[in-house]
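This report covers aromatic ring pairs and backbone angles in a protein model. The notes below are meant to be read beside the sequence and structure.

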Amino acid sequence: MSSINILLHTYIYRKCDMSDEMKQEAMELCVTAAEKYADNYESVSRMIKETMDKKFGASWHTVVGEGYGFEITYQLKHLLYMYCAGNLAICIWKSA
Amino acid sequence: MRPSVTKRTPSKVTELSKELPRHISFVKSRVDVGGGDMDWLRGKVFLKPEDQLQLSEAELQEEIARVLTIHNTRVPDSLVEWSWKLKNFILLPPPPHLVTVLNVPGSLLHKDSEEAKIQLTGGLVVDTPFEEAIVHDDEEERGEEEEEEADIEEPEEMADHKEPEPEPEHEHEHEDEEEIEKIKPKKIPNQFNFCERAALTYTNPMREMSTQTIPPPTGIFNTHEDFAQQQREKEKERRLPVLQLKKEDVKKKAQIESTALTYRMLQAAKTLERMINQNIFDEIAQDYRYWDDPSDEFKVGEGSLLPLWKFNYEKTKKHDVTNLCFNSRYYDLFAVSYGTMSFSNLITNGTVCLFSLKNPSYPEWICPTESPVMCLDFNEQHPHLLVIVLIYNFFNDEGTMDGAVAVYNIMLPPTAPQYRSNDVVQKHGGIVWEVCLSQIKIFKIHWAPDTEEGNLAFYSVSIDGKINYWILSENDLALTTVMTLFLDRPPIPGPDGTMITLKGCGTCLAFHPANQNIFLVGTEEGTIYKCNTAYSSVYMRTYNEAHNMPVYRIVFNKFNSSIFASCSGDWRIKIWEDDRMEPLFMFDLGIPIGDVQWAPYSSTVLACVSNDGKVTVFDLNINKYRPICSQQIVSRKKYKLTRLAFNNKLPFIIVGDDNNILIFYENRGTVNTLKLSPNLRLKVKPTKKQLHLTHRELEIMKLERLLSFVREPAILQPPKDTRVET
């Protein structure tokens with residue numbers, strides 16, 4: 001847990017309109033995933049998506065990468081866009 | 001009752017079949033009737049019932065006539081009924097003859113029948129006909145009556161038809177009906193296309209019901225702005241160094257522009273130069289292309305050489321022409337290497353020039369080198385590549401001379417070679433040779449076919465007795481020593497008790513035109529070795545004492561690859577056949593011969609240059625003993641000729657010169673162009689039978705014919721030495 005706490009200090013979230021509970025969980029998940037699969041963005045996004053689907057219901061979408069732009073339609077109160085470990089950007093949102 | 005019935009009504013067949021015995025008896029009686037005719041039945045014994053009447057012959061012969069009547073004996077003819085009204089029995093009418101057992105009305109109709117017509121018009125079929133029929137069946141009399149009625153009606157209808165005038169309306173109606181008939185030829189329903197309504201089930205009607213929930217509230221989020229911002233930041237970062245570099249860029253740009261401008265100026269100047277040259281040397285240019293010596297017609301077996309342009313370059317007037325080479329692609333382009341032939345010369349630099357016949361006054365491409373150039377060769381597949389051998393470190397600290405090779409791309413400006421052998425490791429020679437204080441110079445190079453990886457490669461032979469194989473990889477030259485020419489002599493004692501195996505000093509190299517593995521090496525000792533690149537230590541053949549002096553050149557015949565010629569400092573040209581130790585021809589010119597070449601157009605013509613400044617041309621087909629042309633080209637007192645090259649397309653040769661004696665004439669290093677007169681370039685005239693043969697085949701045949709004369713004797717008597725005067 002302490003390690004996660006340390007890691008948590010390394011992220012910056014750019015935009016989030018989740019409930020506090022969900023936000024906490026999603027951020028922890030993102031950081032853990034990014035830490036676990038440091039060199040494989042596909043695995044990171046897969047892990048995040050599958051875990052979020054299990055916890056908060058279906059149809060979560062995840063984008064992991066460096067230097068991308070996007071425009072998405074998301075379900076209100078279900079969006080998180082954050083930077084993690086430097087310039088790795090993670091965007092997760094729900095859209096059923 | 002039955003027997004009586006049978007007797008009375010023998011016509012009832014059904015009844016008779018049931019009553020078999022009676023029938024038989026009946027039959028028998030019939031047989032008996034016609035007994036006289038039945039002779040073929042004789043011998044048959046008829047089974048007779050025991051109680052059969054025994055009739056006398058007369059009785060049997062008696063004819064009994066039988067009469068068929070319409071009277072039905074089974075119908076009671078006198079039925080009576082008690083009538084209470086009359087208080088008396090009254091006679092009933094006889095019962096009908098027909099008994100209906102089963103009545104199934106059919107639904108088939110004849111198409112032409114009335115009923116069918118009504119159906120076709122779309123009218124409803126009235127059931128009455130059926131009923132009528134049934135009634136008719138049931139009650140014959142009534143039916144008959146009705147039939148009569150119908151019969152009566154029909155004429156009425158007919159009457160109606162017959163009288164259309166009094167009732168036009170009726171007629172009109174009828175027409176209407178007919179029209180409808182024509183318009184709607186309705187399909188008659190049958191069991192396949194008609195389904196009774198009663199047999200059908202209900203089809204349930206479809207209804208649509210749907211509901212929609214309110215979608216969860218959504219929002220749109222994008223990072224375009226973020227991305228754009230990032231891009232802007234990045235651009236800013238980029239711009240900063242760009243701005244710094246801008247001043248340099250401007251300078252560079254100006255430089256590029258100026259070089260482009262000068263390049264275009266150069267192009268224009270070059271064109272102009274060529275035009276001027278063409279005007280100045282117009283007569284020579286005409287001769288070069290069109291003039292043939294008319295006196296050749298009257299001279300048999302003799303020809304002449306017409307001097308054309310002289311090529312020289314001011315800065316190389318002190319140099320010797322060390323090698324000449326035509327380009328394989330552009331026949332008017334040739335390369336000349338300038339260096340020195342003698343090692344006592346104090347020249348320390350060299351030049352490689354590319355001349356074009358279009359511009360005899362100035363080289364197209366000049367490459368000054370820091371040391372004398374020994375030889376050069378164009379690559380045939382890649383005519384832009386030129387390999388050059390440099391003699392490095394001319395008399396270096398230990399007084400040695402080192403050789404190196406370099407490859408130039410003549411499409412690039414001649415500032416630096418594309419490849420150059422590594423000075424330290426790859427130079428010909430090395431420690432051993434430095435100790436021996438020997439001279440190393442590479443005499444001959446030969447482009448090898450490209451390696452399997454597509455890299456270029458070439459061979460070189462040098463005075464240190466090594467034949468090296470060079471491969472041009474991407475960045476550097478890789479070196480493999482294919483062979484070292486050791487002499488067949490016992491080792492001699494060297495300093496400090498070491499034994500040294502003597503090496504031959506390679507001076508010339510010729511690769512077999514057909515088999516690229518086989519090559520010939522001539523040495524300073526006068527020996528010719530036939531070698532194979534596959535074996536590095538064994539000679540395939542050794543021509544010991546082929547010459548008594550250094551072999552200067554070995555050339556394979558252009559048409560027959562088993563014939564080769566060699567020339568040497570021992571005044572002789574020898575023509576050899578592969579696998580034959582003795583030469584086929586031998587010519588002694590009485591002066592060292594610098595170079596010999598086979599003509600590309602004929603299999604029997606070869607030309608050589610000698611130290612007395614003469615070009616000598618032989619045509620073995622015309623004269624096997626004497627040259628057909630020997631002409632002084634340069635002053636024998638001042639110059640000697642060193643190298644010779646045939647043009648592959650046009651009948652001219654180029655010869656390079658050198659000073660003859662140790663006095664340095666300033667005007668050396670000239671390349672002379674000489675045109676061959678018609679007698680020197682005689683080609684085979686095909687006979688009528690040979691018309692289908694190509695020129696090449698004819699040339700090969702000519703050479704073969706010539707060789708068959710000289711092959712037979714084991715030892716060829718050398719011709720008497722004669723001095724050929726011009």
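## An aromatic pair in chain A

Phe70(A) has a relative accessible area of 10% and is therefore buried (buried is under 20% relative accessible area, exposed over 50%, partly exposed in between, with a 1.4 Å probe and protein chains only). Tyr81(A) is buried as well, at 2%.

This is a predicted model, in which local features need pLDDT of at least 70, side-chain atom pairs count only at pLDDT 80 or more, and totals for chains, interfaces and linings use all residues. Residues are numbered from 1 along each chain as its sequence is written, chains are lettered from A in the order in which they are written, and side-chain values use heavy atoms, without hydrogens and water.

Over all chains, the structure holds 26 aromatic pairs (rings of Phe, Tyr and the six-membered ring of Trp with centres within 6.5 Å; planes under 30 degrees apart are stacked, over 60 edge-to-face, the rest tilted). In one of them, the ring centres of Phe70(A) and Tyr81(A) are 5.2 Å apart with planes at 80°, so the pair is edge-to-face. Phe70(A) sits in the loop between strand 2 (60-65) and strand 3 (71-75) of chain A, and Tyr81(A) in strand 4 (residues 79-84), eleven residues apart (strands are DSSP runs of E, at least two residues, numbered from the N terminus).

## Positive phi in chain B

Lys87(B), which is not glycine, has a positive phi near 55°. Lys87(B) lies in the loop between strand 1 (80-83) and strand 2 (88-91) of chain B, and is exposed at 59% relative accessible area.

Note on methods:
Helices (H or I, at least four residues) and strands (E, at least two) are DSSP runs, numbered from the N terminus.
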